[in-house]
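This report walks through one protein chain, feature by feature. Keep the sequence and the model side by side while reading.

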Amino acid sequence: MNQYRIKGLSCAGCAQELEDKLKKLDHGNDATLSYNSGKLTISEEVSLDEVKRILKTDGAYISRTLVSSSANGAAVAAQAHHHDGNHHTHSHTGDDGHDHAHDSQRSMLMKVIGGAAIYIVALLLDSSLPPLAAIALYLAAIVLSGYTTFIRGLIQLSKFKFNIDTLMTIALIGAAGIGEWKEAALVAILFGLNELLEGYGMEKARRSMEALLETAPSQATKLINGQEMIVAISELKVGDTVIIKPGEKIPSDGIVLSGSSSVNEAAISGESMPVDKITDTRVFGGSINLDGQLIVQIEKAYEDSSLAKILHLVQEAQETKTPTELFINRFAKYYTPFILILAILVTVVPPLLFQGDWQLWLYQGLSVLIVGCPCALILSSPIAIVSGITRTARAGILIKGGVHLEQLGKIDTIAFDKTGTLTKGKPHVVRMESFDERFLAVAGAMENSSSHPLAKAIMKVVKEQHIELPSLDETKAIAGKGLTAVIEGTNYWLGNEQNITHLSFPNDIVRLINEWKADGLTLVIVADTNNILGMFGIADEIREESHTIVAALKKLGVKNTVMLTGDHEASAQKVAKTVGLTKWFSSLLPEDKVTKVKQLASEGTVAMVGDGINDAPALATAQLGIAMGKGTDSAIETADIVLMQDHLGKLPDAIAVAKRVNRIIAFNITVSIGLKAIALLLTIPGWLTLWIAILSDMGATIFVTLVSLTILISRKDKQV
C-alpha cells in the first residue's frame with residue numbers, strides 16, 4: 001500500500017466523499033482517506049492519474065509521498081502539481097522547503113481579502129454608482145471569494161448530491177436571483193473566510209502532530225572496524241555498534257558499551273529531566289545525547305524501537321473516529337437533505353397557503369439554507385480529538401485512538417495492579433533487628449552471590465554498612481525456604497521460618513514475627529546452631545507519588561480506586577490503606593483479575609492499569625487498558641493507553657485532558673445546534689435575514705474551531 005500526504009481537503013464530509021470515489025476505482029477497495037491526518041492510503045495498483053483527478057474535484061492534491069511500495073508510488077514525489085492557477089514543478093522526494101498548504105492558504109487568504117476589499121468599496125459607493133456598476137463590483141467579490149465553492153456546489157447539484165457546497169451554491173444563486181447582491185457577496189466572502197479558518201484549524205492540529213512525528217532520527221554514525229560511517233536509520237541492524245556524539249539523537253534502542261552522558265528522554269517518557277547513562281545502561285531511540293560521547297550496541301532495528309512504536313501508535317490514533325464523530329457524520333448525511341427540504345417548505349408554504357409574499361419567503365428560504373450549513377457541527381469533534389491526542393502524546397502519554405481518549409474522560413473506576421504499578425516492584429528492607437554482631441556479616445556472605453530479589457535487598461543494606469564479609473566454606477539452597485551455609489566451620493541458616501526448624505523461637509521473637517507479618521512484611525531470619533542472629537522485614541517499596549495520584553484521581557471524579565494483586569492479604573491491605581484505595585483484592589491469579597474486572601465493569605466504566613505479562617488479560621478485558629511504558633511488550637500491545645514513564649505521575653493529567661476534550665466537544669455541539677435552532681425559530685415570524693443566517697453559521701464554525709484549538713495550550717505549571 002502507498003501512503004500520501006493530502007493537502008486542500010475542504011471538510012470531513014468532502015474527504016468521505018472522495019474516499020467513496022477512490023474505493024470505486026480498480027483495486028481501490030481498501031483505500032482510506034483520513035481528514036484528521038490528511039493521509040491517503042491506497043493500493044499501488046491504482047492509477048495515480050485517476051487518484052489525482054478525483055482529488056482535484058474537491059481542490060485537494062498530493063503533497064508528498066509518505067510510504068511507497070512501488071516505482072509508480074514513488075513517481076508522484078517528483079511530478080508537477082498544477083493548482084491555484086500556478087504551473088510549477090517541485091521535487092518532493094524529500095522536504096524541499098516549499099509548503100503547498102501554506103501557499104494554498106495564503107492564496108485563499110488573498111482572495112478573501114480581495115473580495116472583502118471590493119465589497120467594502122461597493123458598499124461605500126453603492127449610492128453613487130449606476131446599478132449595473134454596483135452589481136458588477138458585488139459579482140467580482142462573489143467570484144473572487146466563492147468561485148471554487150460555487151463550482152464544487154454546481155458539480156454536486158448536477159449529480160443530485162447535497163452537501164455544504166450545494167447549500168451555499170443554491171443560496172448564492174437565489175440571493176442573486178432576487179437582486180440581493182449585497183447579501184450574496186457577503187455569503188461568498190464569509191463562507192470563504194469560514195473555509196480558510198476551518199482549514200487553518202485542522203492544519204494547525206495536523207502540524208502539531210507532524211512536529212511530534214519529526215522526533216524520529218534520520219541517520220546514524222555506525223562503527224565498522226573502528227571507522228565511522230554515516231548510514232540511514234533503516235540500514236541499522238541488531239548488533240551494530242554506533243557512536244552518538246553530544247547533541248545527536250540516539251538512532252534506536254540499545255545498550256551503552258562505553259562512555260557516560262546525560263540523555264534527554266522527553267520524546268519517549270515526556271520527562272524533561274535528563275537521565276544519566278553509563279556503561280551497561282539502556283538507551284532509547286529518539287532520545288537526545290546531551291554532553292558526553294556514547295558507544296551503543298543496537299538491540300532493536302529502528303522499526304521495532306520504542307520511538308517507532310510510539311509514532312506508529314500516534315499516527316493510528318489520529319486516524320480513528322470516535323463514536324461522537326461517527327454519529328455526527330451520520331447525522332450530517334441526513335441533515336443536509338432535511339435542511340434543503342425545510343428551505344423549500346419555508347419558501348413555498350406561506351405564499352401558497354397564507355398569501356405570503358413570494359420574494360419575502362424566498363429570501364427566508366435562502367436564509368434557512370445558510371443557517372442549515374453543518375460546518376460547525378461536523379467540526380465539533382475532529383479538531384478537539386486530534387488536539388487532545390497531540391497534547392497527551394507530547395507529554396509521553398500514548399492514546400491509541402480518539403475512541404479511547406473519549407472513553408478516558410468517562411471512567412469512574414480504576415483498577416491497579418500492585419507490583420510495579422503502585423509499588424516500585426523492587427523489595428527493600430523495611431525493618432531489621434540484630435541480636436548478634438555476626439548478623440549482617442553472615443547474611444552478606446550467604447546472599448552475596450545470589451540473584452534473588454530478596455537477596456539484593458539484603459545486600460544493599462550490608463553494603464551501606466560497609467561490612468567485611470567472611471568467606472563461605474560451602475552453601476546449599478533449599479527451594480522455597482532459604483539457604484544453609486558453613487562459614488569458618490560454623491553452620492548457619494537463612495530464610496523463612498520453615499528453614500529454621502532446628503530452633504525453638506523465644507516468645508519475644510515470636511511476638512516480633514507476628515507483628516511484622518501483620519504489617520505485610522516478608523521475613524528473612526538468620527540463625528546459627530543455637531541462636532537467632534537477627535531478622536529482616538522486607539516489602540515492595542510503595543511509590544512516593546502513589547498516594548498523591550490516587551487523591552488526584554478522586555478529585556477528577558474517579559469514584560472507585562481498586563487494587564488487584566496476587567500478593568497475600570496483609571501486604572495488599574497495607575499498600576491499599578497507605579495509598580488510599582477504596583477496595584483491594586489479594587491472592588489473585590491472572591484469570592481471577594479478569595473476573596474481578598468484569599465484575600467492576602458491571603457497576604461502572606473501568607480502566608485497568610498494569611505493567612506485567614500477568615496483567616495483559618485484565619487490560620484486554622477492561623473498557624480501557626492502561627499500561628506502564630517500561631512494562632512488558634505484551635502489556636503495552638494489549639493496552640489502549642500507554643504511559644511512557646515508569647510511574648503513574650501523568651495519569652491524572654491525561655484524564656483531565658480527556659475530560660476537557662469531552663466537555664469541549666459537548667459544548668461545540670450545543671453551540672452549533674443551539675445557534676441554528678434560534679436562527680431557524682426566527683423564520684416563524686419572518687424575522688430571519690441573510691445577515692443573521694451568516695453570523696449564526698460562520699460565527700459558530702469559527703468559534704468551535706478556535707475553542708477546539710485551546711486544547712493545545714498548556715499552562716506552564718501543569719505537566720500536560
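Predicted model: local features only at pLDDT ≥ 70, side-chain atom pairs only at ≥ 80, totals over all residues.

Helix α5, residues 131-158, gives the most to the patch, with six residues. The patch is made by L139, V143, Y147, I151, L154, I155 and I173, and its area is about 560 Å². I155 is found in helix α5. How exposed is I155? Its relative accessibility is 34%, and I155 therefore counts as partly exposed, since that class lies between 20% and 50%.

**Annotated transmembrane regions**

The unreviewed UniProt entry carries the annotation "transmembrane region" for residues 108-125, 131-150, 334-354, 360-386, 664-684 and 690-713. Two of these spans can be compared with the model. Residues 334-354 are 100% helix and 0% strand, and the C-alpha atoms at the ends of the span lie 29 Å apart. Residues 664-684 are 86% helix and 0% strand, with 31 Å between the end C-alpha atoms.

**Salt bridges**

Side chains of opposite charge can pair when their charged atoms come close. How many salt bridges does the structure hold? There are 14 salt bridges in the structure.

| Pair | Closest N and O atoms |
|---|---|
| K23 and E19 | 4.0 Å |
| E299 and R282 | 2.2 Å |
| R438 and D528 | 2.9 Å |

K23 and E19 both belong to helix α1, residues 12-23, where they are four residues apart, about one turn of the helix. K23 has a relative accessible area of 28% and is partly exposed. E19, at 12% relative accessibility, counts as buried, because buried means under 20%.

The next pair is E299 and R282, whose closest N and O atoms are 2.2 Å apart.

R438 and D528 form another salt bridge, with 2.9 Å between the closest N and O atoms. This pair links distant parts of the chain, 90 residues apart: R438 is in the loop between β18 (423-434) and α16 (439-447), and D528 is in the loop between β22 (522-527) and β23 (532-542). Is R438 buried or partly exposed? At 29% relative accessibility, R438 counts as partly exposed. D528 is buried, with a relative accessible area of 7%.

Strands of a sheet pair through backbone hydrogen bonds, either parallel or antiparallel. Here six strands form an open sheet, in the order β18-β23-β22-β21-β20-β19, and the pairing is antiparallel. Which strands are at the edges? They are β18 and β19 (474-478), each of which pairs on one side only. From one strand to the next, the twist averages 15 degrees.

Within this sheet, β22 and β23 run antiparallel and are joined by six bridges. T522 stands opposite I538, a residue of β23. The loop between β22 (522-527) and β23 (532-542) is also where D528 sits, and D528 is the salt-bridge partner of R438.

Notes: Residues numbered from 1 in each chain as written. Heavy atoms only, no water. UniProt positions renumbered as here; feature names shortened; annotations may be inferred. Helix = DSSP H or I, 4+ residues; strand = E, 2+ residues; numbered from the N terminus. Patch = residues over 30% accessible without salt bridge, like charges linked within 9 Å, V, L, I, M, F, W, Y side chains within 5 Å. Areas by Shrake-Rupley, 256 points an atom, 1.4 Å probe, with all protein chains shown as cover. Salt bridge = Lys/Arg side-chain N within 4 Å of Asp/Glu carboxyl O. Buried < 20%, exposed > 50% of the residue type's maximum accessible area, 1.4 Å probe, protein only. Pairing = 2+ DSSP bridges. Axes fitted to C-alpha atoms, helices over the stretch in contact; angles between N-to-C directions.
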